[in-house]
Amino acid sequence: MAPRGRRSQKPLQRLLDSTAPAFILDDRRSVVFFNKGCEDLTGWLADDVQGRACDYAGAGTSHSLEAVLAALAPPAEVWAGQAARAPVYVPHKTRPSAARMIHFYPFPWGDSPAWTVLGVIQPVPSPGQPHQVPLSQRLHAELASVRHELRRRFAEDSLIIQSPAMQRVLQQLQVARAVESPVLIVGESGTGREHLARVLHYGSRLGRRSFTPLDSGLLQPHDLRRLVKQVARPSTRQPAVETLQPGTLFFRDIEQLAAETQQFLAETLSAAPELRVVASTTNPLERLVEQGRFRSDLFYALTSLTIALPPLRQRLEDVPLLAQFLLEERNRDGARQVTGFSDDTWRELQRYSWPGNVRELRAVVEEAHAAAAGALIRPQELPFRFRTGTEAQRHVAPPRVQPVPLEALLERVEREQIEAALAAAKQNKSRAAELLGINRPRLYRRMEQLGIVDLEGDPPAAE
């Protein structure tokens with residue numbers, strides 16, 4: 001069926017026949033036309049792409065066809081008849097992604113009341129050219145860029161990270177992947193401790209094997225011991241399928257283990273060299289060891305490497321991309337497409353302290369996606385409990401600071417920092433001084449003045 005308006009057919013036909021990348025989506029978001037320019041830009045043939053739906057959602061691997069389809073997806077307002085343009089990173093089948101600007105033009109096709117969309121892909125405008133793009137569309141493109149960079153550096157795109165605190169987590173994760181030592185992940189509930197453990201497992205050599213999660217608080221001690229024996233027992237036969245062989249044993253909330261189970265684990269896990277142990281906790285285990293509630297031998301066995309996951313309130317700069325990522329995950333079901341959040345909504349999300357961390361953010365985004373009436377989520381479409389929580393946080397009186405003697409306070413803080421640096425550096429004074437940003441002789445002087453015991457007794461270096 002020919003589009004209405006004969007006068008526009010020749011220019012449109014010339015565009016479609018040219019080498020400039022152009023494509024057409026029908027009212028079901030399916031690709032019905034994909035010209036030679038698009039084939040050259042993406043490395044995929046029209047036969048591969050035509051008939052596939054373009055969802056406004058984050059894609060999987062960077063070179064996949066799904067990544068191409070996600071890049072071509074118009075913002076939701078285009079399907080309401082509004083022309084738009086959006087910056088994207090267009091993936092190629094074998095080469096690096098290319099930064100481009102897609103212009104979307106909705107137009108009627110035949111007698112159907114629904115819109116068909118023409119997409120024209122052009123180079124990104126130079127800095128001197130004005131090109132105002134809504135925040136939601138910029139975040140869609142930036143999300144693709146961040147995921148592409150994370151895939152390149154860490155071969156993992158399920159961690160959406162920008163803040164310095166989470167960049168440090170990524171550095172620790174990279175170290176943990178290179179070895180097979182036990183790892184302890186410390187963080188509040190909802191920060192994604194188990195997700196990080198799975199990222200660690202599947203990105204390591206043991207990732208070809210199975211990931212076995214065990215809930216330390218829900219399983220009865222005898223059941224947990226039985227399961228650990230089955231997993232940790234050295235196998236005399238190599239399984240036909242390697243994925244059936246245990247690779248990582250993950251203990252959720254390991255601080256909840258009963259005393260007899262702690263002793264059993266300390267004795268058993270050292271005899272399983274082909275099994276990595278990863279544990280998570282919401283409480284610092286050092287404090288539990290001091291209180292006699294956690295075995296010191298198990299503590300030292302689990303803490304070869306420790307990764308501290310910061311709460312979401314300490315990395316609010318991650319909230320926009322995380323929210324956009326979770327929103328685009330919801331777009332994957334294909335039922336509804338939502339472009340992003342209005343500017344007022346972004347301000348509400350970033351003012352909130354997120355006591356439930358990423359888990360709470362996911363729930364808020366999912367409910368808002370279901371309630372959205374248009375292309376952008378408005379503040380009134382955020383869940384009622386989120387809005388009441390935000391209002392409650394605004395009216396909480398700040399805690400009143402009680403004055404204390406300043407000299408004693410400064411000495412206590414300095415003592416704590418020096419002792420923490422020495423512990424982190426395993427009593428290596430040069431390394432501890434480096435962590436504190438001072439030279440080694442100054443560290444020795446302050447240790448002597450504060451009465452900090454030198455556990456190794458090595459002499460101070462000359463100034």
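This is a predicted model: local features need pLDDT of at least 70, side-chain atom pairs count only at pLDDT 80 or more; totals for chains, interfaces and linings use all residues.
User: How many helices and strands does the chain have?

Analyst: Helices (H or I, at least four residues) and strands (E, at least two) are DSSP runs, numbered from the N terminus. The chain has 18 helices and twelve strands.

User: What share of the chain counts as buried?

Analyst: A residue is buried under 20% relative accessible area, exposed over 50%, and partly exposed in between, with a 1.4 Å probe and protein chains only. Of the 463 residues, 45% count as buried. Helix α4 (residues 65-72) is largely enclosed by the rest of the structure, because seven of its eight residues are buried. These are Leu 65, Ala 67, Val 68, Leu 69, Ala 70, Ala 71 and Leu 72.

User: What share of the contacts join residues at least 24 apart?

Analyst: Contact means heavy atoms within 4.5 Å. Among contacts between residues at least 6 apart in sequence, 64% join residues at least 24 apart.

User: Which residues does His 92 touch?

Analyst: Not counting residues up to four places away in sequence, His 92 touches Asp 40, Leu 41, Thr 42, Gly 43 and His 63. His 92 belongs to the loop between β3 (84-90) and β4 (98-108), and counts as buried at 6% relative accessibility. Between His 92 and Gly 43 there are 5.5 Å in space, C-alpha to C-alpha, although they are 49 residues apart in sequence.

User: Is Leu 376 buried, exposed or partly exposed?

Analyst: Leu 376, in strand β12 (residues 376-377), is partly exposed, with a relative accessible area of 33%. Leaving aside neighbours within four places in sequence, the contacts of Leu 376 are Ser 136, Thr 339, Gly 340, Phe 341, Ser 342 and Glu 381.

User: At what angle do α8 and α9 pack?

Analyst: Axes are lines fitted to C-alpha atoms, for helices over the stretch in contact, and angles run from 0 to 180 degrees between N-to-C directions. Helix α8 (residues 221-232) and helix α9 (residues 259-268) pack at an angle of about 10°, with axes 10 Å apart. The two are therefore roughly parallel, where angles under 35 degrees count as roughly parallel, over 145 as roughly antiparallel, 65 to 115 as roughly perpendicular and the rest as oblique. On the α8 side, the contact includes Leu 224 and Val 228; on the α9 side, it includes Phe 264 and Leu 265.

User: Where are Arg 29 and Asp 253 found?

Analyst: Most residues other than glycine have a negative phi. Arg 29, however, has a positive phi near 70°; it is found in the loop between β1 (22-25) and β2 (31-34) and is buried, with a relative accessible area of 14%. Asp 253 has a positive phi near 50°. Asp 253 lies in the loop between β8 (246-252) and α9, and counts as buried at 17% relative accessibility.

User: How many aromatic pairs are there?

Analyst: Rings of Phe, Tyr and Trp (its six-membered ring) pair if their centres lie within 6.5 Å; planes under 30 degrees apart count as stacked, over 60 as edge-to-face and the rest as tilted. By this rule there are seven aromatic pairs. One aromatic cluster is formed by Tyr 352, Trp 354 and Phe 386.

Key
Residues are numbered from 1 along each chain as its sequence is written. Side-chain values use heavy atoms; hydrogens and water are left out.
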